[in-house]
Structures are given as structure tokens and as C-alpha cells.
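Here are my notes for you, point by point. Keep the viewer open while you read.

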Number of protein chains: 2
Amino acid sequence: MRGVVMYKATDAVIRLTATCICGSDLWPYRGVEPADHTNMGHEYAGVVEEVGSDVKNVKVGDFVVGSFVISDNTCETCRSGYQSGCAHREFVAGTIGTQSEKARTPHADGTLVATPGQPTPDLIPSLLAASDVLGTGWYGAVAAEAGPGKTVAVVGDGAVGLMAVLAAKQLGAERIIAMSRHPERQELARFYGATDIVEERGDAGVAKIKELTDGLGAHSVVEAVGTQESTMQAIGATRPGGHLGFVGVNYDVTIQGIDLFFAGIHVEGGPAPVRRFLPHLIQLIWDREIDPGRVFDLTLPLEQAAEGYQAMDERRATRVLLTF
Amino acid sequence: MRGVVMYKATDAVIRLTATCICGSDLWPYRGVEPADHTNMGHEYAGVVEEVGSDVKNVKVGDFVVGSFVISDNTCETCRSGYQSGCAHREFVAGTIGTQSEKARTPHADGTLVATPGQPTPDLIPSLLAASDVLGTGWYGAVAAEAGPGKTVAVVGDGAVGLMAVLAAKQLGAERIIAMSRHPERQELARFYGATDIVEERGDAGVAKIKELTDGLGAHSVVEAVGTQESTMQAIGATRPGGHLGFVGVNYDVTIQGIDLFFAGIHVEGGPAPVRRFLPHLIQLIWDREIDPGRVFDLTLPLEQAAEGYQAMDERRATRVLLTF
């Protein structure tokens with residue numbers, strides 16, 4: 001096991017109960033981002049084992065969930081609800097890493113949220129999901145202004161897309177269109193609240209969304225893939241004046257300004273400010289109002305993480321839960 | 001004079017009192033857009049001379065202002081405030097053209113707004129401005145969510161940028177930073193409400209905006225140029241979670257998805273839904289609360305339009321008013 005030491009009085013050390021492998025972990029796995037001596041993993045839920053002298057909001061023994069971005073939750077940007085742009089932000093992936101038994105968490109008071117008590121084992125996958133995949137899908141739906149009376153289209157049936165479906169449902173959307181061509185993911189999308197499934201992609205996908213929305217396009221579209229095709233599909237599926245929330249990491253995407261200009265839509269996205277939503281999401285999970293944990297379709301002990309990466313890379317798994 | 005005939009019962013014919021040459025008219029002038037047999041001009045104010053049998057909201061003799069986009073103002077998109085995405089939209093530029101003595105206006109009931117009475121001559125330039133340049137700058141400021149307590153940065157000191165400054169002031173912005181290096185435009189920007197001037201451009205411009213905003217960037221940024229440099233400057237000058245309104249026609253701009261992703265901002269733009277704002281803008285002008293007409297710095301009779309184009313092309317004029 002890697003040694004974990006506190007560096008600052010605002011740090012906490014947590015013993016992980018669960019962590020996972022995220023689609024974005026495949027960027028360094030595939031060599032798109034550097035991977036040498038990188039501390040992998042950024043979703044985490046566990047028990048506080050040690051706190052620095054300045055930590056006030058969590059104590060030893062608390063079960064906590066944190067965002068994949070460290071934030072102080074007190075600076076002006078945090079207070080405006082954009083904690084992933086915090087003045088003290090650090091991405092957990094790469095520098096801290098949570099695919100390990102313990103993890104040091106800087107700015108513990110700002111980053112970690114304690115659950116109302118010790119969770120039963122069945123809640124662990126859902127609480128872990130809140131750390132990124134649920135929080136990110138939720139942000140996509142919020143950025144797309146999903147809500148009552150709205151038709152929401154979700155581009156992408158990976159874990160984040162499925163969580164955006166769940167979020168759109170919770171936010172009261174009238175109609176939720178999941179764009180998916182995988183039967184088992186369509187089923188999960190329907191479980192989470194999808195009212196319609198569209199299998200077409202690209203221009204045909206856009207045409208289908210327009211056909212379902214009186215020729216206008218969806219009020220709200222969530223882009224949860226991050227490829228060129230999915231991005232153009234998402235822009236095209238949004239009605240004039242509509243809202244596009246994009247949360248897929250999009251290294252290879254190029255947008256022509258004039259395409260965005262003549263689309264005439266709102267666009268918001270980026271690394272999700274999960275911390276904004278964490279208290280609400282934890283409560284929804286605690287009250288068993290939502291069951292996001294079902295997105296994990298493969299569970300492995302940490303020692304078999306390598307097999308988990310391979311399963312994700314080969315698309316044999318949507319999302320891998322790692323246990324201890 | 002070109003013959004003008006009504007085609008439909010929803011048309012009106014107006015006799016132009018004033019029209020103008022817009023920066024976007026330079027796209028066809030320079031050959032970027034086709035110009036052969038194109039009806040040029042899209043800003044207009046004048047007197048209704050004839051109405052079709054279905055026209056109810058304006059009558060012969062009314063002084064009217066219309067948007068540069070024809071809209072029915074009744075379809076779902078119009079009702080949501082995005083009239084430039086109207087189901088019946090037509091761009092006045094190219095198909096109708098208002099650099100002429102008369103113009104046919106389709107969907108007159110939706111497109112035209114009558115003034116409270118016959119305007120005095122000193123109000124004509126301002127009423128004409130409402131048709132596009134003011135309406136577009138205003139939309140840029142609204143899209144950027146300019147308002148009380150906000151710091152607004154305006155990229156571009158052309159007529160639209162200056163109108164965005166005016167709009168930010170009217171919308172109650174606390175601080176308005178005009179990015180300009182031309183002394184006479186800086187002066188006009190200050191007249192319209194700019195509290196600060198930044199002469200730097202590109203990365204240096206972004207650094208200066210951050211320096212003025214505790215390292216965060218502006219809450220609201222209006223992009224009113226449409227070049228690659230101005231677009232990146234605008235994205236960079238917006239704080240995380242902030243709002244960027246873009247109204248510069250941006251044919252040559254390419255945005256890397258990942259730059260937008262890590263900016264973590266809201267983006268909204270496109271052809272301005274001027275019709276949404278027209279009644280309010282006309283009233284502000286009528287009450288002499290605002291004086292947008294000062295952006296016209298060259299007035300020529302219609303017959304000398306060619307000289308007006310040349311003056312715009314050579315940047316000897318910001319905006320040319322054409323009279324009859």
C-alpha cells in the first residue's frame with residue numbers, strides 16, 4: 001500500500017470503501033494523457049481516518065463522499081456554484097488518486113460531504129456514483145435546463161448519459177429521449193426515466209429528434225460522449241433558444257463558430273461542479289429516491305483493477321466498481 | 001427605383017425614411033458571401049404605405065421599425081423569445097433588402113413595431129439603430145447576463161460593441177470594461193457607460209481583464225467582432241461559471257471543444273432576436289433615455305451608398321446612415 005501523509009492542516013485522510021474506473025481514466029490508459037507515475041482514480045467514498053487541525057466539517061469516523069475536483073467551497077467561484085473552477089482547485093485524478101486503499105483529501109472542509117450516518121452496503125455503489133458519474137450527469141441536465149414541460153434529449157448511453165436521464169426525470173422533465181442503440185442500455189435508460197429511445201445517430205439522429213418535437217428540436221440536450229459526431233448531433237438536436245449541457249470530455253472536437261452562431265442556442269459545460277449538488281444527491285440516495293448505483297455493471301477487488309481497465313477499454317463494461 | 005409588390009395578405013410595403021450599411025454587409029461586398037443580384041441592406045425605419053388584408057397590428061401611415069429577421073412572432077420559437085429562429089424566418093438581407101426607397105415586409109404583424117407617433121427627425125438615427133445594431137448589442141448584453149453587481153467586458157469597439165456597452169449600462173451593470181484602442185471610440189464607449197478601457201488584445205487583453213477582476217475574469221463578456229482572436233479573448237476573459245454573449249458574425253472562427261470544456265462558462269449567441277427587445281428599445285428612445293443614433297458617424301444619401309461601403313471597408317466610418 002502507498003503511504004499516505006497529511007501535508008496541511010486542511011487535509012483529511014480517508015480509507016476508501018469503494019472507488020471506480022471512469023471513462024475518462026481511459027485517456028491516460030490509451031496514452032492520450034500522460035500516465036507515467038500518475039495516481040489514478042477520482043471517484044471515492046469512504047471513512048475519515050485522520051483530519052488536520054483546521055478541519056471542522058468532517059470528523060474521524062464519518063462516512064464521506066467527495067467531488068472529483070478539490071475545492072475550498074468558500075471562494076467567490078465556489079459560492080457562485082462553480083466549484084470545479086475553485087481558486088484552489090486540484091483534479092483528484094493524476095495528483096491525488098483514489099484507486100488505492102487510502103487517499104489524502106486537500107481542503108477537506110470544502111470537498112467532502114458526510115452522509116447522515118453509516119450507510120448500509122447496498123447504498124455504497126450509489127454514494128460512490130454521486131462523486132462523479134451521477135454528479136456529472138446531473139450537471140449536464142441542469143446545464144441543459146431540464147425541467148417541467150421540457151423535452152430533454154440525451155446523447156450518449158454510457159454511465160454519464162444514463163445519469164443525465166435520471167437527473168432529467170428528477171428535475172421534472174416531461175419527455176426524456178435517450179439516444180442509444182444498445183438493448184441493455186436502452187432498458188436501463190427506461191428504468192431511469194427515458195420515455196423515448198432514438199437509435200439513429202448523426203444527421204439521422206437529429207432528424208429523428210426534430211420529428212419527435214414538431215420540427216423544432218429538444219428544449220434541452222445533454223452531450224455525454226465527447227466525440228465530433230456526438231457534439232454536432234447535440235448541437236443539431238437543440239431547438240433555437242434551447243439549452244445544450246455538455247459534459248463529455250472532448251479532446252478531439254472542433255466546432256465551427258458559424259455553426260454555433262446559426263444554431264442560436266445556449267451552451268454550458270465542462271468539468272461538473274459536483275460539490276454544488278452533493279448534499280442534495282446524497283439525501284436522494286439516503287432516502288432511496290434514486291438508485292444510481294445500477295450503472296456499475298462490473299465489480300472487482302482493487303487488485304484486479306487492470307482487468308477492469310481492459311473491460312472498459314474493450315467496452316465489455318460500462319462502469320467498473322472497485323472494492324477492498 | 002425597384003418595383004415593390006405585395007405577394008401575400010400578411011405583407012406590408014414601407015417607404016424607407018432611413019437605412020444603413022452594416023459591418024455584415026461587408027461579407028458580400030468582399031466576396032465572402034455571394035453578392036450577384038442580391039438585395040442589400042437589412043436595417044430599416046419608415047412609414048407604412050400599403051398593408052395586406054390580413055395585417056392588423058400596423059396601418060398605413062404608421063412609422064415603424066422592424067428587425068433584420070422577418071418573424072411571425074406567434075410560433076413557439078418566437079413566443080420563447082427567439083424570433084430569429086422563427087418557423088417563418090427570412091433574413092431581410094439578401095432576399096428583401098432595405099437599401100432602397102421601398103421594401104416589402106413579409107409577416108408585417110410579427111415583424112414591424114409602430115412608434116408611439118411620428119418621430120421628430122433627431123430620433124430617426126436612434127430608431128434605425130434599434131433595427132439591428134442596438135438590438136444586436138442589447139442581445140449580446142442580455143445573453144451575457146449583464147446586470148446589477150456584474151462586471152461586463154465588451155470585446156469590440158465597433159457599433160455593436162458600443163451598443164452592448166449602452167445595454168450593459170441600462171441593464172444596471174456595476175462595471176463596464178470596453179476593449180478598444182481607438183481614442184474616438186473609447187470616448188464614445190465612455191459616453192455610453194464604459195467605466196474602464198482596456199487597450200490590450202489577445203492573451204494580454206485576457207490578463208488585463210483578470211487583473212481588473214481579482215484574477216477571476218468578468219462575470220459577463222460580449223463578443224462583438226467575430227474573429228478568431230476576439231473569440232478566444234472573449235472566452236478567456238469570462239470567469240468560470242460566467243456568461244459569454246457572442247453576436248459577431250464568425251465565419252472564420254474555429255473553437256476547440258476542449259478549450260470550451262475547461263473554460264466552464266455559459267455561451268449564447270447568434271443572429272439577435274431583435275424583435276424581442278424592439279418595443280422596449282423604441283420606448284427608451286422615444287423617452288430619450290438612450291441615444292444609440294450617435295454610432296452613425298457618416299450620413300450619405302442613398303445614391304452615394306457605394307462611397308459608404310468604401311468608407312466602411314477602409315474603416316473610415318463605423319456605421320453609415322443612408323437617407324432619402
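**Notes on the strands and the contact between chains**

1. Start with A:Ile255, whose bridge partner in E13(B) is B:Ile255. That bridge belongs to an antiparallel pairing of E13(A) with strand E13 of chain B (residues 254-256), which runs over three bridges. Two strands count as paired here if DSSP finds at least two bridges between them. Helices (H or I, at least four residues) and strands (E, at least two) are DSSP runs, numbered from the N terminus.

2. Some housekeeping before we go on: this is a predicted model, so to speak of a local feature pLDDT must be at least 70, side-chain atom pairs count only at pLDDT 80 or more, and totals for chains, interfaces and linings use all residues. Residues are numbered from 1 along each chain as its sequence is written, chains are lettered from A and ligands numbered from 1 in the order in which they are written, and side-chain values use heavy atoms, with hydrogens and water left out.

3. Now look at the whole contact between the two chains. Chain A brings 33 residues to it and chain B brings 33 residues, with contact meaning heavy atoms within 4.5 Å. Together they bury about 2900 Å², and 61% of that is on carbon and sulfur atoms. Buried area is the accessible area (1.4 Å probe) that two parts lose on being put together, summed over both. Which three residues supply more of chain A's buried area than any other three? They are A:Ile258, A:Phe261 and A:Phe262, with 19% of what chain A buries against chain B.

4. B:Arg239 makes one with A:Glu76, with the closest N and O atoms 3.0 Å apart.

5. Which parts of chain A touch chain B? Helix H2 (76-79), strand E12 (238-246), strand E13 (254-256), helix H11 (257-263) and strand E14 (266-269) each supply at least two residues. H11(A) gives the largest share, five residues.

6. Away from the contact, check the strands inside chain A. Strand E15 (residues 298-301) pairs with E16(A) in the parallel sense over four bridges; A:Leu300 stands opposite A:Leu322, and A:Pro301 stands opposite A:Thr323. Strand E1 (residues 12-21) also pairs with strand E16 (residues 320-323) of chain A, this time in the antiparallel sense, over four bridges. There, A:Leu322 is the bridge partner of A:Thr19.

7. Follow the chain from E15(A) through helix H13 (residues 305-313) to E16(A), and you trace a right-handed β-α-β unit. Right-handed means that, with the strands pointing away from the viewer, the path from the first strand over the helix to the second runs clockwise. In chain B, E15(B), helix H13 (residues 305-313) and E16(B) make a right-handed β-α-β unit too.

8. One last pair to find: A:Arg319 forms a salt bridge with A:Asp132, with the closest N and O atoms 4.0 Å apart. A:Arg319 lies in the loop between H13 and E16 of chain A, and A:Asp132 in the loop between helix H5 (124-130) and helix H6 (133-143), so the pair ties together parts that are 187 residues apart in sequence.

Definitions and conventions
A salt bridge is a side-chain nitrogen of Lys or Arg within 4 Å of a carboxyl oxygen of Asp or Glu.
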